[in-house]
Amino acid sequence: MSTVLLRKGRTRTGDADDMAVASFIMGLVGLLVFNVVLGPCALVLGGLALARGTNRRGRAMLGTALGAADLLVLAVLVTANGTVSWSFTG
């Protein structure tokens with residue numbers, strides 16, 4: 001793969017690596033809070049990182065899987081409680 005220099009010395013692969021890490025973090029945090037926002041963001045960033053040829057392929061795939069899990073948790077919460085928030089009280 002050819003390395004394309006972008007502004008300020010960044011490379012396309014470097015940006016894709018950053019997207020992979022961001023996808024993983026958003027997917028992980030999204031399991032607890034803001035899953036309606038962070039889940040789709042994790043899916044999109046993970047997909048873009050994979051499409052751009054990241055060196056952190058496993059992290060991008062894990063971020064994509066966590067983003068899908070975020071949406072699954074959201075669906076379970078909506079069907080069980082009728083709300084999009086966690087409730088630890090009875």
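Here is a short chat about the predicted model shown above.

Visitor: Hi! How many helices and strands does the protein chain have?
Guide: Hello! This predicted model has three helices and zero strands. From the N terminus on, the order is α-α-α.

Visitor: And what share of the 90 residues is buried?
Guide: In the protein chain, 26% of them count as buried. The accessible surface comes to about 5,800 Å², and carbon and sulfur atoms account for 67% of that.

Visitor: Let's look at helix 3. Which residues in it are buried?
Guide: They are A60, G63, L66, G67, D70, L74 and L77.

Visitor: Why would residues three or four places apart point the same way in a helix?
Guide: An α-helix has 3.6 residues a turn, so residues with that spacing face the same way.

Visitor: Nice. How far does helix 3 reach, and what comes after it?
Guide: Helix 3 covers residues 57–81 and reaches 36 Å from its first C-alpha to its last, close to the 36 Å expected. G82 follows helix 3, with a positive phi near 75°.

Visitor: Switching topic: which residues form the nonpolar patch on the surface?
Guide: I25, L28, V29, L32, V33, F34, V36 and V37 make up the patch, with about 750 Å² of accessible area together.

Visitor: Which helix gives the most to that patch?
Guide: Helix 1 does, with three residues. Helix 1 (12–30) and helix 2 (35–51) each supply at least two.

Visitor: Where does V33 lie, then?
Guide: V33 is in the loop between helix 1 and helix 2. V33 counts as partly exposed because its relative accessibility is 41%, between the 20% and 50% cut-offs.

Technical notes
Residues numbered from 1 in each chain as written. Predicted model: local features only at pLDDT ≥ 70, side-chain atom pairs only at ≥ 80, totals over all residues. Heavy atoms only, no water. Helix = DSSP H or I, 4+ residues; strand = E, 2+ residues; numbered from the N terminus. Expected span 1.5 Å × (residues − 1). Buried < 20%, exposed > 50% of the residue type's maximum accessible area, 1.4 Å probe, protein only. Patch = residues over 30% accessible without salt bridge, like charges linked within 9 Å, V, L, I, M, F, W, Y side chains within 5 Å. Areas by Shrake-Rupley, 256 points an atom, 1.4 Å probe, with all protein chains shown as cover. Salt bridge = Lys/Arg side-chain N within 4 Å of Asp/Glu carboxyl O.
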